[in-house]
Structure formats: structure tokens, C-alpha cells
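Here are my notes on the structure you sent, as numbered points.

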Amino acid sequence: MEVAHQNRIKAAANPKGFAAKRIQFARAPRDCEASDYYDSVYTRESEHFQIFYTLGEGPHATIPAFIDSLVVALEEAFYFHTKTMGMRTPMGIDTTNHYQKPVKKGLYPIEVAEIDFLRDPYYVVGGLACNGCYGVTYPDTTDHNKSAIIIDNDFRYVPTLGQRETSLVKDGKTCYYPVSSEVQYNHADGFSYVDDWAKAIRVTAFHELYHAVQLRYVSLFDHWIPWIEASATANEEIGVPDINDYVFYVPYFFSKIDLVPLYMLDSLAKYGESTLYLYLYKNVDKHFDRDIWERFAKTPDLSFEENLEKLLKAKNLSADSVFHDFATRLAFSGERSKDVDKKFWVWDDQPKWGTPRIRSGLNYNTYSKEDDFYAGKDRSNINRFEPDTTQYMFRYYKDGEPDLENYKGRASVLLFKGNTTEICRIANTATIDSINRLTFTADSILWVFSSFSNPKPIPEIVKDSTLRAFPVPWRGSGMLCFTPLPDTKKFIEIRTSRGELVMREPYTKTTHCISEERIKEKMKPGVYRFRAGASGKLEKFLVVY
């Protein structure tokens, strides 16, 4: 079950005429109106807001201290979004949806109510209940610039399964309503928002008010993208950094980003994309998102990724390089955070983020139990893998050696040895020659592959077209490779220094590697010569172990 912010803003506009006119549950008499579930509606005004709430008993009741805290949090969020970040000012609707109260001109309306039991749930949350919302932001029916916010009154919600009902008596009628029995938690620091509701108020005020800001630029329902939630979630972290509510969503982002591109993130993963916002805020421009939303206002049909690329280009930055740097820094999350200096982290909370999904670079799937590999005879391709990423994605591979002949995107390798970590950028395929030599001495390695705007193949730059072996000398560990091999030949011929044939090794790619086991089986220490095919000049290489 998805909880917390999953539906803070409904995913689609309510079909015309499909609003719930009356609150009805299985045992509720049809003459119980929404207004039967609360008594007097009070209002509290501040410089920029008008808050509507009810006290006493019933599903929507709150306490004065809750409203006191909400006023402070809302004004703090308003100042941060409009003054510090320079975003457009939210505009309020004229009449509130739940309590049906007129809004004072110039003020933005906030209602405090049980979100899982609203007057018009289909319009506000897109269904009968939100099941885990801290708050919701919804627009005016005719003008997306105008909106309103509903804040949950106690940070409990109605469970999807095992619902219970209770009742109240109003004017002689018994009116039933569902019990909000599930408690909202801060999973990063392990406390209940029911007990510490002031913190829930603060984080929700920053998040929901940012949605109201976004609506000043574009209709979110006509142009829904994951960035809507990602940017709102990041703003709550930047505005209220001591609460860390966003940390809960980062592992969901890790679990999806190597499977689907950014624009396809859904469910809880889209909130975890807030890590990209935090990276750009820290490393590119604190006001970059203001530029993103201004671009949306002019061209709402462009994707977030396209707008980001245009923004970075205007700053003379490569979107591919920026995205790859983000992916590389993100690799040092969770336990890996201790492997680099803190200044290399995306954000100070990175040790709390968990570990990204890491794939194996060892290509076991190419073998069946009947293959020679399992008999210990041939492991020539076990370390080779072909990295695969789709545009706007990144992936991590542990160990192995990448075949970059058909790869498009950016690549790096992280070398871990003792207490040191070396980050090597792969500028071209020739770089692999030197990197492979370094990987032999590393305790472990992690490959980083990313792809963003119109990904291009990693260029193959060979200063000398003469065949060469690497590493030379080969010292008894890892694979021995040969490159660049012509596609007009089918095998490598290896001979002793006296001309005796040692082996003919078939190849299919421009670089071919032979396993450590096979080398030791066929070659003793000494000088050897090789060539592609059965004729031509022989090149020397040395085996030492």
C-alpha cells in the first residue's frame, strides 16, 4: 500500500458532473449531508492566508494549537517560495470546496479537514479517499492559476483494508463515517506525526504550497509529469531540512531509475527524483527550477528533460555531463558514502538514502551447465558484458569488463582499494586499455553508465592502428586483451617466440579478451607473438607470472 504523499495532488481532473454530492457509506442514512459532520467553522487570517477549521467532535475536528503552528509554517513557506526562490505568488479560489466558505479577497484559502472524508472527494483527490495524504492542492474548475489547499487534521488516515466506522448524532440523525486509524510516520528518523504533528505541518506546508506555485505556470492535470512531485518534495527538504521526510522515497527512485527513464517514474519513485533537484540546486543554480517552470509556462508541451537540457545549454553546460556526474555521485549512497569525501555527496543526508540497485558485470547468463565454463575449460567471456541504458536513465554494474562497441552514453568506473577511491571517466574506448590495468589491483570496481540527450557512442580513438595486447606485460591475473581487431579476419593466432603455434582464438568484436585460466593453461611465462588471421606481421607481448 502506498502511503504518505502519494496522492498529494490528484492525478487527473474530475469528469464533469461526477462529484460526490453527499457523503454516503453503507450504514449512513441518505439525509446526512457533509455539513452534518461538523459544527461551527472558524477562520484564522494571517498576512497571506485564510484558514478554515472546526473544533469539538467529529472526523474534521482539530485543536487551536494545530492552527497556530499551521499559520507560522504557511507564512514561512510563502516567504521561501516567493521571496527566497523568486517563484510566482499562489492565487486562491473564491469559495472553499469542503466547508463552502467565501474567501477574503487577497488571501489564499487553507482548509483543515479529514482528507479521507471530504464533501467532494472525486474532485479534490480523484476518488472516495486519499489513503495517506498529508495534504492536497486542487485548482479552480475554470482557471488553473487559482487553487486551494486542504491539510489533514490529525495525520491519520483510513486504511484501504479493514476499515472501521463510527458515528455521531446530528439533529436526531445518526451519521456514520470511517475511522482514520492508520498513523503517519517519519520513516527517516522513526517518529509518529500524530505525536509530532508540528513537523508534519511544516513539511506539508512547504510541499503543498509549492504545488499552488506550480499551478501559476501551467495546468498540472493537463501536463502531468513526475517532476511536479519531485520538485515539491525537494522544496520541502530545502525549506525544512531538519525533518527529512523525503528520505523515505529515495530507495523507490533507486529501484526504478535503471528500469524506466525519468519521465516514466510513477508511484513513490517520482518523489525520490527529488535527489536530482537537490543535485542541481547545489551544483548548477539555486534558482534553476524557477527557470524550468518559466519555460513550462511558455511551452507546456515540452518535457522536463527537454527544458532542463535547454536550461543547461544556456549556461554552457552539457546535459549529458551533468546527468552523468549526478549518477556518479549518487553511487556513493548508503554504505558507499564513507568511500568518498563528504563534499562529493549529492546532499548531506546521502548516508541515509540506502544503496542503489547494482547489477553484476559478470556475464553468467551466457553459459549453461553443459558449457565448458562449468567444466573449468573456458571462461574467456565471463567477465565481458554489454552495458545497456535507455535515454534519461543510468545503471551501475559491479565487476566485469564492459564491451563499449555498441554503447551510447557516458561511462565511468569507480575503483575501490583499501581506504581510497579513484573515479575514472571513460572519454573513449581507448581509455579502457589503461583502466583495465587499474582494475586488476582494485579490491572492487563499480561501472557507471548514463544516457541523457541524444546519446552518442563513446568514440573509439586509436592513436596507433597497429594491433596491440594489453596489459603488457601480463602478470598472471585478469584477462589478456587484443585490439583493434579487423572485421576482415575471424581469429587471433598466437605463437611462441620460435614460431610454434600456441592457439587460434576466434573473435567477433574489435577487442577480444582471453581468460586468466585459459592463458595459464596454454602459455608459460615468456615472449609470445600474435596477429589477426594466418598471415601478416606478428606483434610481441610478454607473459610473466
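1. Cys130 and Cys133 are both buried. A disulfide joins the two, with an S to S distance of 1.5 Å. Please keep in mind here, and throughout, that this is a predicted model.

2. How many disulfides does a search of the whole structure find? It finds three. Counted along the chain, the bonded cysteines pair in the pattern 1-4, 2-3, 5-6. For reference, a disulfide is a covalent bond between the sulfur atoms of two cysteines.

3. The disulfide of Cys32 and Cys175 has its sulfur atoms 2.0 Å apart. The link is left-handed, with -85° about the S-S bond. This pair connects distant parts of the chain: Cys32 is in the segment before strand 1 (42–45), Cys175 is in strand 9 (residues 173–178), and 143 residues separate them. Cys32 has a relative accessible area of 0% and is therefore buried. Cys175 also counts as buried, at 0% relative accessibility.

4. Cys481 and Cys513 make another of the disulfides, with 1.9 Å between their sulfur atoms. This link is right-handed, at 105° about the S-S bond. Cys481 belongs to strand 21 (residues 480–483) and Cys513 to strand 24 (residues 512–514), so the bond ties together parts of the chain that are 32 residues apart in sequence. Cys481 counts as buried because its relative accessibility is 1%. Cys513 is buried as well, with a relative accessible area of 2%.

5. A further cysteine to note is Cys424. Is Cys424 buried or exposed? Its relative accessibility is 10%, so Cys424 counts as buried; the cut-off for buried is under 20%.

6. On the chain as a whole, there are 12 helices and 26 strands. Of the 545 residues, 54% are buried. Among contacts with a separation of 6 or more, 65% are between residues 24 or more positions apart. The accessible surface of the protein chain is about 23,900 Å², and carbon and sulfur atoms account for 48% of that.

7. Helix 8 (residues 288–298) deserves a look. Which of its residues are buried? They are Phe288, Asp289, Ile292, Trp293 and Phe296. These residues lie on the same side of helix 8, because they cover an arc of only 135° around the axis. In general, an α-helix has 3.6 residues a turn, so residues three or four places apart point the same way.

8. Two backbone features concern prolines. The peptide bond from Phe470 to Pro471 is cis, with omega near -5°. Pro471 sits in the loop between strand 20 (468–470) and strand 21. Thr483 and Pro484 are also joined by a cis peptide bond, with omega about -15°. Pro484 is found in the loop between strand 21 and strand 22 (491–496). As background, most residues other than glycine have a negative phi, and most peptide bonds are trans.

9. Ser267 is not a glycine, yet its phi is positive, about 50°. Ser267 is placed in the loop between helix 5 (250–257) and helix 6 (269–272), and it is partly exposed, with a relative accessible area of 22%. Asn454, also not a glycine, has a positive phi of about 40°. Where is Asn454? It is in the loop between strand 19 (444–451) and strand 20. Asn454 is exposed, with a relative accessible area of 57%.

10. Last, a surface feature. Val472, Val527, Leu542 and Val544 form a nonpolar patch on the surface, and their accessible area together is about 260 Å². Val544 lies in the segment after strand 26 (539–543). The relative accessible area of Val544 is 34%, so this residue is classed as partly exposed.

Notes
Residues numbered from 1 in each chain as written. Predicted model: local features only at pLDDT ≥ 70, side-chain atom pairs only at ≥ 80, totals over all residues. Heavy atoms only, no water. Patch = residues over 30% accessible without salt bridge, like charges linked within 9 Å, V, L, I, M, F, W, Y side chains within 5 Å. Areas by Shrake-Rupley, 256 points an atom, 1.4 Å probe, with all protein chains shown as cover. Salt bridge = Lys/Arg side-chain N within 4 Å of Asp/Glu carboxyl O. Helix = DSSP H or I, 4+ residues; strand = E, 2+ residues; numbered from the N terminus. Buried < 20%, exposed > 50% of the residue type's maximum accessible area, 1.4 Å probe, protein only. Arc of directions from axis to C-beta. Contact = heavy atoms within 4.5 Å. Disulfide = S-S within 2.5 Å.
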